[in-house]
Amino acid sequence: MFCPKIVLLALAAAGLLMACAAPEPAAGVDSIEAAPLDRDVYVRGTFNGWGTADRFDYVGAGIYQATVKVSPGAHGFKVAPADWSFEWLVDASDGVAVNTDKAYPLASGKGPEDFFVVAQSGSYQFRLDITDRQQPILSISQQRDVKKQYIDPHKDHQQRQQVDYSTFDQKTETVIFSVEDMDADERHYSQSSTMTLRDPGAQFIRYQEVSGQPKTRTGSLAFDALFAMSMNEMRQDSVSHLRDGNYSNGREISCDCFETGEKWHFVWTRDLSYAADLGLALLDPQRVRNSLEFKLSGYRDGILKSAVVAGTADGLQIMQDTGSGGSWPVSTDRVTWVFGAAAVLKTLDQESRQGFARQALKALGNTIENDRLAAFDPRDGLYTGEQSFLDWREQTYPSWITSDLASMASAKALSTNVVHFQALMLAAELADEMGQQPVALKYRRWAGELKQAINTVFWLDDVGLYSSLTAGHHDGAALHKFDWLGVSLAVLSGVASDERAQRALANYPHGAMGAPVIFPQQPDTPVYHNRAIWPFVTAYGLRAAIHAGNVGVADAAYATLMRGAAVNLSNMENLEWLTGQPMYLETQNPTLSGPVINSKRQLWSVGAYLGMVIHNVFGLQIESGGIRVAPFITGRLHSEVFAGSQHIELQDISLRGKSLTIDIYLPGSDNQTGTQAGAPQGVYSVASVQWNGKPNGPTLDWSQFDSAKQHHLTIQLGPLVASVQPMTQVSADPAAKDPQVFAPREPVLESVVRDQQGQVLVEFSDNSGNADASYNLYRNGRLVRDKLAPGQHKVAAPTALTDARGAECYAVEAVFASGTHSHHSQPLCLDAGQEIPVTDRRVVSNVALAPANSQLGVPFIPAWGRPEDSLRVVDISLEHKGRYSIQLKYDNAYNTIGQGITCGVKWLRVTDHQQRPVAEGVIQLPQGLGREGAKPLLYSTPLSVELEAGNYTLEVLDFYNMSYLQTNTTYSGNGGSDGAVNRFDLVALRIQPGF
């Protein structure tokens, strides 16, 4: 047996190779020797959720093979073991398009994934040849699929319903639902679809109802079947073990929890929490609670809490999952946990609630207090951090952000700030319950101030929408970018006033298939968050529409959710926005196809569908003191879904050990003479409610659930309340980059200088690729000139600035004639300030300097940041009073920009000449690109301080990051099983005028 050099280089140190010895024949097969590798390797890509479903099997003579079923699309992939301890790619520095029937040498290293384009669903054989001592070879070939005998899934079924759906290209997709026995207590369904499915396989599914679990009886076979399908998918997502290649070396982790989907076998904080809030907390509160507790962690053994860190000594807090720049606090939406916690708390009886409430308050308190230190900006009253759930930077941020994640970390996002508001409100409620009134008062005050700040900064009155995010430091402007989750959460939380809620819902653009998660769409970016519908976001849009009474938006959301589940035979992770397809292939530019990742039975999509039926159609709302019923049945829903039905029924909802059935009589039924189905747009009023046969109001106290096991709510709907609610609709060819729905590319700010006459000259270049774009110029986050052309422009000096030095930082954006705006350019500041390299005598550290090398071309302090490390910069002289931004220049290559838990998080303290602290706070040093070769030199997030003229000392102290938490001791990457990592290579300190 040969040991290829690249295998040795990549794997020998990790002990992944068998000894290089003569081959031993496999038992019973003389021609096959023992496999060269002692660890399984896998084809991992977007077609399998980057998981380990497709293993390479050794077939002998140095050849491994894996056969993978792949649907149309441009699929990213790598070759790697379960724990990602190494990766094989065609080129470790740049993603490569791989063709079939061609041999490709592989390289070892971390880098962008390779991809191959599939135009037709089929089976593909990945062949890994390591017979050459020097070079492993990969090739891919399409396999001839054996033609299978046609199966009619509806054969001999008692009843069928066919539903036809119009497509974007003027065709029709047909879905057929059938049932074996319509009168059975637990029905057996089949569902088939003509839609080309995301994953190759049968064009039909079968599923059944389960005794004692909820089901619907509405007269619509399709509606009842889709609810049963979603219940079945909830059961499939209910697991006793979790697994993820990044944790416990891919081994199973015991937990009666909800996994995230067919391709995602772990619990993720935001996925779980939104899913629980949308519907799962009502249906399986104990499993949701288990999953929520799985996402809490204290400090790992041996970690001593720094004196500057807030909270209890054990550090119990909510985990931020791996992600951008090394996780928290680049991302701070871990507080989405409160959505699941609040929903579960409402379902629990008093005894169970008390125990979980105490735990929740402790974890929330530690989380809130440290987020306040690490991510709160007192200048505008907002929290920094990445957009909630939109956690693939390239999808929703400017193209330059990958080389400056600190600017993403310092930006503010609407959705994340509303989630912080919700966290403060729940913590205040729990503190009141626990008799901690001063704590409750503080958190309510913080929440009130945050609500005001959100409305001050994010509301754009010119378009009647909340901005999705601001630019980062040295800019800070609220951008003309919008997202449906942020808008919906602002409405539902009460952050938005009634008037702003109405305007925002009416103004958010919808396509024929529904609302996109962001608007406008990003150019040159594949479909995932960009150009996509996410069902769980649609479900929050539905809730917001109901909250504000916008029937048009609600009807659009109902249609989106039902159509998506029907044609795809599953509650998918996401869909292309304009086509509604689970994979839209861009024939002219396949790399922009997508959604690039998509999973069946995605947990929050399942929760969205079940919640739509239970909470919205049937109107069952769970409150701390009991339940409330407020069905939202529109004229369109009646005429298109429940046409001909006398009444609709939701059976066997379990509430605190009791079973509840909700029976809704529709207008025009025998019970009442009312407005017929097909009436003008509107929603039906509630005429009467009966509880166990007796008149009742729409609310019920828990005490009304007496000793009886079965309870019955009967609701009679009244006349349709006509409603003409505006909704912004847009249309575009999905193959065209229509300025009506796409943003321009952001321009490039080339230079900012002051000429001899003292005027500022700003020069920028056209990067939009379109002739009809104009350009707006910003200074310190405020518009100073508009409708410019590319080139050089003079800018009048500011009349007043917030600091005495006159900091001037500029950025530029492109605007199409259609009104869509680009992201801002990377800002440039007129005064670069002073930079103190680590070679300067004023820099004092216990860690010795390292000389410049091939990766870092300047001397540096290597791997600085252990808790015991020290760093001081003394005798910093400032000639002028003013506001300053202080940053560290560094390299952090402990992981790539999109993964890991090793964001550098430190405490910066500034003392005056008498050693008195005058300013301090957290700075973040996100992971850089982390590729082989030269390491990028980056600047941290700034500490913004007001300082008098004089001499100062700067000291860097330890804070913490997610690698300090106990749960991450099993993480396979840096900061995991090998110990906490909060280190980086330090190059310089920069201090410059701020604003």
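Buried here means under 20% relative accessible area, exposed means over 50%, and partly exposed lies in between, with a 1.4 Å probe and protein chains only. The model on screen is predicted: local features need pLDDT of at least 70, side-chain atom pairs count only at pLDDT 80 or more, and totals for chains, interfaces and linings use all residues. Residues are numbered from 1 along each chain as its sequence is written, and side-chain values use heavy atoms, with hydrogens and water left out.

**Stop 1: the cysteines**

Select Cys255 and Cys257. Both are buried, and a disulfide joins them, with an S to S distance of 1.7 Å. A disulfide is a pair of cysteine sulfur atoms within 2.5 Å; by this rule the count comes to 2.

Next, select Cys809 and Cys829, which form a disulfide with sulfur atoms 2.1 Å apart. This pair links distant parts of the chain, 20 residues apart: Cys809 is in strand β43 (residues 809-815) and Cys829 in strand β44 (residues 828-829). Strands (E, at least two residues) and helices (H or I, at least four) are DSSP runs, numbered from the N terminus. The torsion about the S-S bond of Cys809 and Cys829 is about 100 degrees, so the disulfide is right-handed. Cys809 counts as buried because its relative accessibility is 2%. Cys903, at 0%, counts as buried too.

**Stop 2: an open sheet**

Colour β4, β5, β11, β12 and β8. These 5 strands form an open sheet in the order β4-β5-β11-β12-β8, with antiparallel pairing. The edges are β4 (57-60) and β8 (104-105); each has a single partner strand, so one side of each is left without a neighbour in the sheet. Two strands pair if DSSP finds at least two bridges between them. Between β11 (residues 122-129) and β12 (residues 137-143), which run antiparallel, there are 7 bridges. Select Asp129 to find Ile137 of β12 opposite.

**Stop 3: the second largest pocket**

Select Asp377, Arg379, Asp380, Lys412 and Phe995. Of the 49 residues that line the second largest pocket, these are the closest to its centre. A pocket is an open set of points on a 1 Å grid over the protein atoms alone, where a 1.4 Å probe fits, with protein on both sides within 12 Å along at least five of seven lines; lining residues have an atom within 4 Å of a point. The space in this pocket is about 1,300 Å³, a volume filled by probe spheres set on the points, which are joined across faces, edges and corners.

Then show β51 (917-925), one of the elements that supply at least two lining residues. β51 gives the most to the lining, with 5 residues. The lining divides into 22 nonpolar, 17 polar and 10 charged residues. Nonpolar covers Ala, Val, Leu, Ile, Met, Phe, Trp, Tyr, Cys and Pro; charged covers Asp, Glu, Lys and Arg; the others, Gly among them, are polar.
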